[in-house]
Amino acid sequence: MTLLFCLGGTVAHAEVSVVAALSQNQAAVGDQVQLTIQIRGAQSAVAQPALEIPGLEIDPAGVSNMQMNINGQVQIFATFTYLITPSEAGEVTIPELDVPVEGRIYKTQPLKLKVTAANEPVNPSDDPFRPILKLETSKSEVFESEVVGLTITLLVHQGVNLRELPFPSLPRENFAMKRFQRNPDNNVVQLNGALYRAFYFRTSISAIKAGELVLGPAEVKMDVEVPDGSGRRDPFGFMSAKQATYKIKSDPLMIKSKPLPEAGKPANFSGAVGKFTVQIQAQPLKVIQGDPIAATLYINGVGNFESLVAPEISSTEGWRLYAAKQVQENRNTGLEPGGVVYSQVLIPDKVQTVIPSFALSFFNPDTAQYEVAKTDAIPVQVLPNPNAVGATAGAVGGVTGIRDFSFEPTDVPKEELNGVLSVLRTPGAMIALQSPPFNLRYPWLIHGIAAALLLAILLKAWHKKYSARKWAREVRVAAPAKAADLLKQLRGERSSLRQFYSLAADFLTAWQREGNRLPATDSPKAEMSKRVLMRRDFYNYGSADVANQAVPDSEHQEIVDVLKQF
């Protein structure tokens, strides 16, 4: 860049010099250009003068006063910095500026600044240090929602001192865009015979509608230091440079976005565009009818992950499903392989031999066709539940496979007692006892020994019973709560499956510790106890996402109704 320096037109003392300069002599509308005024040889500090120039917005940007001892004489080196912003295209003249120094007025020569329109390219010969900004995409013709690569390249001349790497901004109306990578790639390139440092800001975009769309322009504002062209060095020995502020723009891009075809669109298509695969894992694979199976669905591929939904089961015959929950994701920018994981709970309502396949439909932009990714069917053993009730009027909720543990109240008829002999009121004739066959010399000794043995037996029995009661009392104290209190909590419990079944298991534990025994193995109470303990373990050690789901009302009522009968 050719720099324009103006020496003060009138210098009363040879030791005082006033120099004004522009950081560039060509700029675009809205760009900030730096104006500096340097004063050398003053004997005292100099105040920054206020400037007013018609057609320009001027903001003071800094003052520097350095005191130097040169040949035994103290001199002041002052630098005043201004940021000027042109608002109209054309040639702007900065007139002579009056700079007061120690009671005298020093004048600068006029400066000229060529201002171009905002999108008009700047002639590199006028400003060889001006940075360059480029906007590029991997494809200019895309499908709606298709993910494509976007790169903004910032080229900085090797002679420019970059204070801080700026991040570009990009208007993205009609486009969805990921965040730029935090640390851009960089290298050195040659352009027009000069070396530039190239910084590559990469991300991905997707069009959110069809049509001829405009992307950009990209913009960046940066503060740099550029050589002032004088070849002189400052008092510290560094090559003389000046500050410059650039606000640069790239050219906009035209993107043609094509709508997704209607022909061949699956009924369950959710808008996913890309290339995906689906896999499944499930456990346990041997259950009783009505017990849950936890399935994990893995979606991998590249594309628009934001439009993905959980794969759907191919057949719901004999199955009940909870809503699938997303439990993990690694989407990246959509250009490199990523993945999404869903958790799905299935409950067989009847005997089954396989878990049906799950399917995900998507649009492949490479083939311009709709495709469906499916999982393999998984063999499973669902054992019949003899207590399961079908979808009849008496079934709980009217859903096949849900066991009904409710009972109709019945009246037990009172039994009349007949044929009981009356108690005789007279004892009858008295019969005299015979004399004892032998006489004891010390009868009290025999009776004393017998009494002592009896007392020992009674004391031992009492101690055993006391110890048992003491242990039972300590166990009851250590129990989470009394069974009655826990049952009251269960009736009002409406939180997660994990909390509900943990509370139900605590009820059974407290009920037993109060001296009760579990019912016989072939009774509905025993089946419910087994079911509660099994599901307590399943939700405590299984998928956290499934365990945190709310308890269905029918399942809550079914279990509470049976536990009330304990």
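## Helices, sheets and loops: a guided chat

Visitor: Is the crossing of H2 and H3 left-handed or right-handed?
Guide: Left-handed means that the near helix is turned anticlockwise from the far one by less than a right angle, and right-handed means clockwise. Helices (H or I, at least four residues) and strands (E, at least two) are DSSP runs, numbered from the N terminus. By that rule, the crossing of H2 and H3 is left-handed.

Visitor: From which number are the residues counted along each chain?
Guide: Please keep in mind that this is a predicted model, where local features need pLDDT of at least 70, side-chain atom pairs count only at pLDDT 80 or more, and totals for chains, interfaces and linings use all residues. Side-chain values use heavy atoms, with hydrogens and water left out, and residues are numbered along each chain, as its sequence is written, from 1.

Visitor: Is H2 roughly parallel or roughly antiparallel to H3?
Guide: Axes are lines fitted to C-alpha atoms, for helices over the stretch in contact, and angles run from 0 to 180 degrees between N-to-C directions. Angles under 35 degrees count as roughly parallel, over 145 as roughly antiparallel, 65 to 115 as roughly perpendicular and the rest as oblique. Helix H2 (residues 483-492) packs with helix H3 (residues 497-513) at about 160°, and their axes are 9 Å apart. That angle makes the relation of H2 to H3 roughly antiparallel.

Visitor: How many residues of the contact of H2 with H3 are nonpolar?
Guide: Contact means heavy atoms within 4.5 Å. H2 brings Ala483, Leu486, Leu487, Gln489 and Leu490, while H3 brings Phe500, Leu503, Ala504, Asp506, Phe507, Ala510 and Trp511. Ala, Val, Leu, Ile, Met, Phe, Trp, Tyr, Cys and Pro count as nonpolar, Asp, Glu, Lys and Arg as charged, and the others, Gly among them, as polar. The contact therefore divides into one charged residue, one polar residue and a nonpolar group of ten.

Visitor: What is the bridge partner of Val214 in S21?
Guide: S18 and strand S21 (residues 253-258) run antiparallel and are joined by five bridges. For Val214, the partner in S21 is Met254.

Visitor: And what is the bridge partner of Ile313 in S30?
Guide: A three-strand open sheet has antiparallel pairing in the order S25-S30-S31. Strand S25 (312-313) and S31 stand at its edges with a single partner strand each, so one side of each has no neighbour in the sheet. S25 and S30 pair over two bridges. In S30, Ile313 is partnered by Phe358.

Visitor: Omega of the cis bond from Gln283 to Pro284 is near what value?
Guide: Pro284 is found in the loop between strand S22 (274-283) and strand S23 (286-288). The bond from Gln283 to Pro284 is cis, with omega near -10°.

Visitor: What is the relative accessibility of Ala368?
Guide: Ala368 has a positive phi near 55° and lies in the loop between strand S30 (358-364) and strand S31 (369-374). Buried means under 20% relative accessible area, exposed over 50%, and partly exposed in between (1.4 Å probe, protein chains only). Ala368 counts as partly exposed because its value is 36%.

Visitor: Last one: is Thr151 buried or exposed?
Guide: Thr151 lies in strand S13 (residues 147-157). Not counting residues up to four places away in sequence, Thr151 touches Lys134, Leu135, Glu136, Tyr200, Phe201 and Arg202. With a relative accessibility of 15%, Thr151 counts as buried.

Note on methods. Pairing = 2+ DSSP bridges.
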